[in-house]
Every structure is written in structure tokens, then in C-alpha cells.
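Here are a few friendly notes to read alongside the structure. Keep the 3D view open and look for each place as you go.

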Amino acid sequence: MRHAFRKLRFVSFLLVLVAIFAGCTSVPKRITKKVDPYRPTNFQVTRSHLKAEIVRVAVLKPEVDRELSLNYGVQLGLLQEVFKSEVIKPRRFEVVMVDSSTMRSLIGPIKLSSDRPYPIDLFISLKENLNCQAVLFSELTSLRTMPPMSVGWHMKLVDVESLQTIWEINELYDGGNESVAIAAFQYYESEIQSGFRKPDPELVLASPRLFSQYTLNSVFSTLPLR
């Protein structure tokens, strides 16, 4: 009887150890729900394909409001660099980056803002001085750098000749949303870590560089085709 009791205690002890080690090796990932990856929907296009005449596009520095500038000075510099590299990747047109000094030489010390009409002189100067057929305006509308990150973009592609808006998008990417998290992870896995070890889903949701790369890739995927 005593021998049987000891044997039972030993078996129970082994089962506890198995349960502990099994739990340590199978810690669930943050992304667990089976939902579809996020796809941007808040955009509109006036044409499915870009006109053949639109070859060069002037790309202005993303607009950022005062509050975001005060709260995220260092991070905004990083996002600006990511924006410059990501806007080139779709290869729908030749990108002509327009910095602050170039802008002043074109239209003077006029501060551009998305909440008021852009001066007509801007479009004329971009066409005549930079030989651009369209201009891309962009605005960082929201930012949260604490994980899970959140980034909002508002962009508009405008024909400098007709002043027609070719494409416009206004999207908020919240890494706390399961669908967004899955899409970000899939982008990171296929575009950033292709051929390397499988990435940790948490990394792309905590890195300002990686998450902003994902959001911009998603935004620019909605541009009209060439």
C-alpha cells in the first residue's frame, strides 16, 4: 500500500514537470486569432492607371502638426527617412524629393498646410522648374511610439496641370488591432526577413522603423498602377 502511494506521488511529480516544461516551450504568441490581414479601404482613385504623361512626381516632406512635433521630435526624423526610402519602392513614377530650401526657392516663405488651399504658384513652379507632372502631398496625422505602435497617414496625389486629385488616402494603422498586427507581421516576414530566421511578431509592433515601413508599404500599395 505504501509502495503504491509512493509510486503515485512519483508519477504525479513527473506529470507536473511535463506540464511545466511544455508550457515553457509553447508560450502563445501575441497574434493568436484567425483573422484576415488588414487591407486599407479609406482611399479613392479617379483612374485605375496613371496617365502616360505622368512620369515625374514632386514629393513634398510630410506635414506634421505642432503637437506631434513637440512630442516626437527624434522619432519624426526617423519617420522622415523611412518615408524617403519607401516612396521610391513602388516605382510607379520618378520621385523628385522637394526639401524646404527648394520649396522656398520655388514659392518663397509660404507655409503649406493641408487645411487650406495650396497656392496655384506651387503647381506652376513644380511644372516649369522641376518638370514634374504631379505632386504628392502627405501628412502624418497620428503617432504612438509605445508598443503597440499606431501611425496615421493622409496623402494626396495631384495632377499639376489639371489640379485634379488622382489618388487620396487617409488611414490609421493601430498595431493593437489584431488584423493590423497580422498584416504587419506578414510584411515583416516576407519583405524584411526573407531567407532568415522567423521573426518575432512583437518586434515589428514595437519598432518605429519597421512598423512605419509596413504602414507606408500598405499605403502606397493603393496607388494607381502604371
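1. Let's begin with the largest pocket, whose volume is about 550 Å³. It is lined by 21 residues, and Lys61, Glu63, Ser100, Lys111 and Leu112 are the closest to its centre. Keep in mind that you are looking at a predicted model.

2. Which elements build this lining? Strand S3 (63-64), helix H4 (100-107) and strand S5 (134-144) each bring at least two residues to the largest pocket. H4 gives the most, with three residues. Sorted by class, the lining of the largest pocket holds nine nonpolar, six polar and six charged residues.

3. Now turn to the second largest pocket, which has about 230 Å³ of space. Here 14 residues form the lining, and those closest to the centre are Tyr38, Arg39, Tyr214, Asn217 and Ser218.

4. Two helices to find around the second largest pocket are H6 (178-192) and H8 (208-220), each supplying at least two lining residues. H6 gives the most to this lining, with five residues. By class, the second largest pocket is lined by six nonpolar, six polar and two charged residues.

5. Finally, a word on confidence. The chain has a mean pLDDT of 83, with 81% of its residues at 70 or more. Residues 1-8, however, have pLDDT below 50, and this stretch makes zero contacts in the model beyond near neighbours in sequence. Over residues 10-29 the pLDDT also stays under 50, and the model shows two contacts beyond four places in sequence for them.

Technical notes. Residues numbered from 1 in each chain as written. Predicted model: local features only at pLDDT ≥ 70, side-chain atom pairs only at ≥ 80, totals over all residues. Heavy atoms only, no water. pLDDT = per-residue confidence, 0-100. Contact = heavy atoms within 4.5 Å. 1 Å grid on protein atoms, 1.4 Å probe; cavity = no way out; pocket = protein on both sides within 12 Å on 5 of 7 lines; lining within 4 Å. Points joined across faces, edges and corners; volume = space filled by probe spheres on them. Helix = DSSP H or I, 4+ residues; strand = E, 2+ residues; numbered from the N terminus. Nonpolar A, V, L, I, M, F, W, Y, C, P; charged D, E, K, R; others polar.
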